[in-house]
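Here's a quick briefing to read alongside the model.

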Amino acid sequence: MLSVSEAEATIFNLVSPLDNQQDTEIVDLLAADSRILASAVTSQMHFPYWDNSAMDGYAVRYADVQQATQQQPAILEIVEEIPAGYQPQSTIEPGQAARIFTGAVLPAGADTVVMQENTQRQENRVLILTAPQKPQEFVRQRAAYYQAGTQLLPPGIMLNGAEIAVLATAQCTQVSVYRRPRVAIFSTGNELVPPKKPLQPGQIVDSNQYALAALVRQSGAEPLMLGIVPDEPPALEKAIAYAVSNADIVISSGGVSVGDYDYVQQIIESLKGKIHIQAVAMKPGKPLTVATFRNQVIYFGLPGNPASALVTFWRFVQPTIKKVSGLVDGWQPKFIKAFTRQELRSDGKRETYFWGKLHLQNGIYEFQLAGGSQSSGNLINLAQTNALAVMSVGQTLISSGEEVQVLLN
Ligand SMILES: Nc1nc2c(c(=O)[nH]1)N[C@H]1C(S)=C(S)[C@@H](COP(=O)(O)OP(=O)(O)OC[C@H]3O[C@@H](n4cnc5c(N)ncnc54)[C@H](O)[C@@H]3O)O[C@H]1N2
Ligand code: MOO
Ligand SMILES: [Mg+2]
């Protein structure tokens with residue numbers, strides 16, 4: 001049985017990002033939100049596009065105003081008014097100034113802006129009452145923030161509000177992003193029925209497929225829901241064969257333990273899949289099965305118990321999807337330290353994951369254990385959790401108020 005860290009290393013080594021040439025699509029800027037940029041973006045424009053004013057005030061020549069004081073103001077003749085969006089017509093000569101507003105183009109000849117609070121207007125003249133601190137004050141210089149032709153955005157980043165603003169500024173109205181990874185999902189079990197169907201004795205609702213589809217979508221991928229597959233080898237073989245030919249990642253739940261109806265590993269082998277992981281020393285999630293097909297499609301056989309399926313998804317599948325999606329940084333699982341509000345107990349045999357809610361209390365993270373049973377068969381108290389506290393192998397107790405590692409879901 002692998003340790004969790006060995007399993008993690010094995011899985012993350014097996015997966016590589018989608019191809020940055022073939023696995024891409026062009027989307028409109030407004031549809032690019034949360035997508036992963038496939039190729040670097042450069043612009044032929046500087047930013048700012050041209051020298052412009054950072055203040056409402058007067059565009060001046062620094063040499064004219066550097067000695068100005070309240071008692072001995074510099075007196076300048078106003079030769080032009082320059083609102084934002086207007087191309088200045090005149091050149092500022094010694095002794096002259098232009099009225100200017102925030103964002104307006106700096107006229108030729110001027111090198112400094114004096115904010116209007118430091119001036120006094122007298123008809124066609126302006127009195128500069130305070131000298132600027134330095135030349136160029138309140139001028140946003142052309143190309144100060146970005147030089148045309150250099151890299152504006154690197155590939156492999158997620159496009160959020162700020163990146164979309166940058167793309168808009170560079171007039172990139174269409175962008176090349178990675179296509180969403182396709183994730184096939186199916187549930188195995190003769191006892192399972194879809195949520196709409198009335199239950200016969202012994203049946204249960206297939207909740208895993210719904211949970212996994214939502215989590216897959218939240219991870220930025222496209223779920224391909226293949227339904228419920230009975231615990232029968234021919235049906236399972238058909239489902240797995242279809243899934244591996246139609247997806248980048250396959251997730252099944254159930255059928256990976258040692259019971260007489262647990263056929264998943266056997267069928268993977270009969271389809272020439274390579275099994276890399278058969279069990280992991282974690283609780284819940286011990287029978288997690290990981291395989292690859294034709295060395296590129298990765299198969300996760302998640303345990304059927306609802307908590308086991310979700311915990312193994314958060315721990316291993318979610319980072320895998322993000323890595324496959326092309327993200328260069330930030331696909332890895334995120335752990336933080338928190339103080340547990342309740343004591344946590346385990347038998348110390350497997351790395352144990354407790355579900356609960358992370359609270360930010362006066363700047364300190366606190367972990368609130370979900371009330372009720374922390375059994376892998378219980379899915380009810382998984383609702384409204386957002387984190388998993390982790391207890392290492394060999395550790396049996398973390399007292400309340402002590403520090404614990406917490407995985408963010
Ligand atoms: N003798 C042993 N028995 C079990 C072991 C073991 O080591 N020795 N491991 C236990 C652990 S740990 C887990 S976890 C489960 C994993 O079982 P499977 O992955 O084979 O899953 P199933 O047997 O098919 O189902 C387990 C459980 O989960 C319910 N289930 C299944 N699919 C769904 C679904 N889509 N939605 C909701 N609930 C589902 C199913 O009805 C069972 O109750 O094995 C232990 N046994
Ligand atoms: O590992 Mo199982 O997931 O403990 O119930
Ligand atoms: Mg079983």
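A polar contact here is a pair of N or O atoms within 3.5 Å; within protein, one must be able to donate a hydrogen and the other to accept it, and residues adjacent in sequence count only if both atoms are side-chain atoms. With that cut-off, a nitrogen atom of ligand 1 sits 3.2 Å from a polar backbone atom of S207.

Some bookkeeping: this is a predicted model, local features need pLDDT of at least 70, side-chain atom pairs count only at pLDDT 80 or more, and totals for chains, interfaces and linings use all residues. Residues are numbered from 1 along each chain as its sequence is written, chains are lettered from A and ligands numbered from 1 in the order in which they are written, and side-chain values use heavy atoms, with hydrogens and water left out.

**Ligand 1**
- Ligand 1 is surrounded by 22 residues, the closest being E191, D206, S257, K286 and G304 (a residue is near if one of its heavy atoms lies within 4 Å of the molecule).
- An oxygen atom of ligand 1 is 3.0 Å from a backbone N or O atom of S257.
- For G304, a backbone N or O atom lies 2.9 Å from an oxygen atom of ligand 1.

**Magnesium ion**
- D262 coordinates the magnesium ion (ligand 3) through OD and OD, at 2.5 Å.
- Donors are N, O and S atoms within 2.8 Å of the metal (3.2 Å for Na, K and Ca), and water is not among the atoms, so sites may look incomplete.
- You'll find D262 in the loop between β17 (249-253) and α6 (264-270); helices (H or I, at least four residues) and strands (E, at least two) are DSSP runs, numbered from the N terminus.

**Nonpolar cores**
- A core is a set of buried Ala, Val, Leu, Ile, Met, Phe, Trp, Tyr and Cys residues joined through side-chain atoms within 4.5 Å, with buried meaning under 20% relative accessible area, exposed over 50% and partly exposed in between (1.4 Å probe, protein chains only).
- The largest one has 45 residues, and I251, F300, L302 and F313 have the most contacts inside it.
- Its largest share, 10 residues, comes from α7.
- Leaving aside neighbours within four places in sequence, F313 is in contact (heavy atoms within 4.5 Å) with residues including L212, L215, I251 and L302.
- A second, separate core of 20 residues includes I240, V250, Y263 and F293.
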